[in-house]
Amino acid sequence: MDVKSNNFVRVNLFNSNGDEVETSFNSLTYNKAMDLFDKGQNLSEQKKYLEAINCFTKCIFLKPNNVQFYIERAKTYTEIHDYKSAIVNYKKVLAIDPKNKIVKNYLSDIYHMTGLVFYRDGIFSKALTHFTKAFEYNTTNATLLLHRATVWIALKNYKEALRDLLICEQSCEPYVYVIRCQIYLCTPLFDLEKAKNELQIASRYPEVPVVQKLIKQFDQVLLQEKIKVNNLIEFKLHQDALHVLNVLIDMSPLDIDFYLLRSKCFRLNSNFPLAVKDLMKAITLSGGSHEQAEKELSITFFEIAESCLKENNHNEALRYYRQAIKWKKNVQYYIRRGDCYHAVKKHEKALKNYKTALELSPNNETIKKRLAILYNEWGRILFDKEQLGLAEHEFTRSIEIFPFAKVYHNRAKTRFKLQNYHEGLKDLAMSYYIDKNNESKELLSRMAPQLLGDKPLVEYLENGGYISQKQERYENITRSSSQLEYNRNDTSPVLEPRSNTAVEKQLTRLPSINSKVTLKE
């Protein structure tokens, strides 16, 4: 309703909220301002922004309390990217009309836009300030908090980032879960379990490209954790490795690799029951067969058996050797089980295990030495029982497998008792040649003293063409074959066996001894 009085017009105006704003002004001034306002809008539509701003400025000069003039001038400043001036005009509107929601949204948008520019340019402190102001003017826009959270992350203030993400969680799916997952994966707040939970929720949106990227990132982090665990194990930090693995298994209970790694930690800590439990779990998850798990299970049972053997608990050791062989046939396992049977005087079973090992590794000197020792022991037992023919046979089997000096000496004594002096002398000479410090020296000094010196025997063998060509080879035999003993804890392979057949043939040329010799028992 217009009320005319003394050349003034009283007009009822309304602000954006519908509240009545009473303004008194001269009709001529008002009309002039409105003409300039219309002109300014036309210039703005023609993208003549500076001229439009000039018109709006004149409008404001004529009517400084008209909010629409400030709003249009602010919009025009925005078109020429003069956001600072636009903000000043919008704030002027709020000074006149504090409840103007439309202007508050305009201000929020400008602060948001400028905040994005600062964030892009790496000016994070200003970006944070602008995002915060944007949210103050529009507290219903959850995207503002999402963007402010990214600034907090850039500033390494992860707790504030998580606080903002929590507020906007319902409105910004799935991006909230993606960002939270990345916080738990790539920051000091590293927590695989929480990251996994966030990823599971984000995975409900497979059509979102950033979700697929996050899944690949998570898999890469798991791979890095496996490498980390392997490094911890290598440096014998087993407890640290177990801590990481416990988290990984709780988070991914179907990942077989984690069970394999944890079983290795348990085994290296001699916690064999838990190691076996994890390996059986891995095999079960694999559908009943897993080559690596079965190999590790075999190693674990073998180490249990070895620990039992060290404590002289032979029955338990044999039980676990059996389990080790069940899961993986291994030369070492047969050798050690043979040793265990040998220790409890079960020679036949020891022989069976050694032979099986030799079938798996035909050139293994470790096995041949054990077989030679076993046959030598049987030969001695038969010798003591005066079963000389059988004793000679066992000594021969021992020598055929590995040429120990002591076995040659034992066979020489047996052959002398059988009155086979020529063959006995050959064995005695061979024993002395292999080990000049053994007990054959005294007997040889009475039977063939001409062979005691190195020179006569070497010359004799040189005439046969053996020492000059193979001297180093036989010296190696002397060093490796002098002792008829082995370390039950040493299962490492040695060099391939060397034959003394050639030297033995040369000894057949020695003159026979006709005189009888009395043997000392």
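A residue is called buried under 20% relative accessible area, exposed over 50% and partly exposed in between, with a 1.4 Å probe and protein chains only. On that scale Leu268 is partly exposed, because its relative accessible area is 39%. This is a predicted model, in which local features need pLDDT of at least 70, side-chain atom pairs count only at pLDDT 80 or more, and totals for chains, interfaces and linings use all residues. Residues are numbered from 1 along each chain as its sequence is written, and side-chain values use heavy atoms, with hydrogens and water left out.

**Overall chain**

- The protein chain holds 26 helices and 3 strands, where helices (H or I, at least four residues) and strands (E, at least two) are DSSP runs numbered from the N terminus.
- Of its 521 residues, 46% count as buried.
- Among contacts (heavy atoms within 4.5 Å) between residues at least 6 apart in sequence, 50% join residues at least 24 apart.

**Leu268 and helix H13**

- Leu268 lies in helix H13, which covers residues 256–268.
- Leaving aside neighbours within four places in sequence, Leu268 is in contact with Ile233 and His238; the C-alpha atoms of Leu268 and His238 are separated by 7.9 Å, although the two residues are 30 apart along the chain.
- H13 is largely enclosed by the rest of the structure, because 10 of its 13 residues are buried; among them are Ile256, Phe258, Tyr259, Arg262 and Cys265.
- The buried residues of H13 pack against helices H11 (209–234), H12 (238–251), H14 (272–285) and H15 (291–310).
- The end C-alpha atoms of H13 are 19 Å apart, which agrees with the 18 Å that its 13 residues should span at 1.5 Å a residue; the expected span is 1.5 Å times one less than the number of residues.

**Helix H21**

- Helix H21 (residues 405–417) is mostly covered, with 11 of its 13 residues buried, including Tyr408, Arg411, Lys413 and Phe416.
- Gln419 follows H21 and has a positive phi, near 60 degrees.

**Two helix pairs**

- Axes are lines fitted to C-alpha atoms, for helices over the stretch in contact, and angles run from 0 to 180 degrees between N-to-C directions.
- Helix H17 (residues 331–343) and helix H18 (residues 347–360) pack at about 165 degrees with their axes 8 Å apart, and H17 and H18 are therefore roughly antiparallel; angles under 35 degrees count as roughly parallel, over 145 as roughly antiparallel, 65 to 115 as roughly perpendicular and the rest as oblique.
- The crossing of H17 and H18 is left-handed, meaning that the near helix is turned anticlockwise from the far one by less than a right angle, whereas clockwise would be right-handed.
- Residues of H17 including Tyr334, Ile335 and Tyr341 meet residues of H18 including Ala350, Tyr354 and Leu360, and the residues of this contact divide into 8 nonpolar, 5 polar and 3 charged.
- In this classification Ala, Val, Leu, Ile, Met, Phe, Trp, Tyr, Cys and Pro are nonpolar, Asp, Glu, Lys and Arg are charged, and the others, Gly among them, are polar.
- Helix H1 (residues 27–45) and helix H3 (residues 67–79) pack at about 20 degrees with axes 11 Å apart, which makes H1 roughly parallel to H3.
- The crossing of H1 and H3 is left-handed.
- Ala33, Met34, Phe37, Gln41 and Ser44 in H1 meet Gln68, Phe69, Glu72 and Thr76 in H3, a contact with 4 nonpolar, 4 polar and 1 charged residues.
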